[in-house]
Amino acid sequence: MEQDKELKLRYRFDKVVSKPIEAIIMSCEKLKMKVEPDYRVKISEQYIRFSIGMLRREKHSPNLKIILEKMEDGNTFIKGTYGPDPVLWFFFIFFHVVVGVVFLIFAAIVYSKWSLDQPFRFDLMIMFSMAIIWFLLYFVARLNRSKGIPQMQELEKLYLKVIEE
């Protein structure tokens, strides 16, 4: 997969395999025992989550979430999503919301001061700085994602072992 060429922060893919869901889960259980200290594999019904083990985990370490869906012809449809650690993703979204809310509050203040013919330069500077912070958040996320690409490829190899077994 060409993760480093993608523009998205959370890379997604789809795949159809000729194995039933139960066989995929069984091979995942077997693989889980083999790779336990280096990788963490969580299985919950039709959801599988691959992540880097605690000893090798960095702040930019990715997760691979797999959703298995049974098809009418007996094949399995796999939806996969690479993403950051859920706690890191929560804070990333939280900071985006905070920046957006501050921007909107100061936009309302600027409009009020403009309509009342009061000076609003400071409030406009806050709005401008929120826009810059928003872009910085995006570029920091891109940087962390690019640092995690080697581990992303490791998780892909693990996922392919499960499908091919």
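## A positive surface patch

Lys 30, Lys 34, Lys 157 and Lys 161 form a surface patch of positive charge, where a patch takes in residues with over 30% relative accessible area and no salt bridge, like charges being joined within 9 Å. A salt bridge here is a side-chain nitrogen of Lys or Arg within 4 Å of a carboxyl oxygen of Asp or Glu, and the place of a Lys charge is taken as NZ.

This is a predicted model, in which local features need pLDDT of at least 70 and side-chain atom pairs count only at pLDDT 80 or more, whereas totals for chains, interfaces and linings use all residues. Residues are numbered from 1 along each chain as its sequence is written, and side-chain values use heavy atoms, with hydrogens and water left out.

## Helices behind the patch

At least two residues of the positive patch come from each of helix H1 (21-35) and helix H4 (149-164), helices being DSSP runs of H or I with at least four residues.

## The chain as a whole

The protein chain holds four helices and five strands, in the order β-α-β-β-β-β-α-α-α from the N terminus. Of the 165 residues, 34% are buried.

Note on methods: Patches are made of residues with over 30% relative accessible area and no salt bridge: like charges are joined within 9 Å, nonpolar side chains (Val, Leu, Ile, Met, Phe, Trp, Tyr) within 5 Å. Accessible areas come from the Shrake-Rupley method with a 1.4 Å probe; for residues, only the protein chains shown count as cover. Lys and Arg count as positive and Asp and Glu as negative; His and the chain ends are not counted. Buried means under 20% relative accessible area, exposed over 50%, partly exposed in between (1.4 Å probe, protein chains only).
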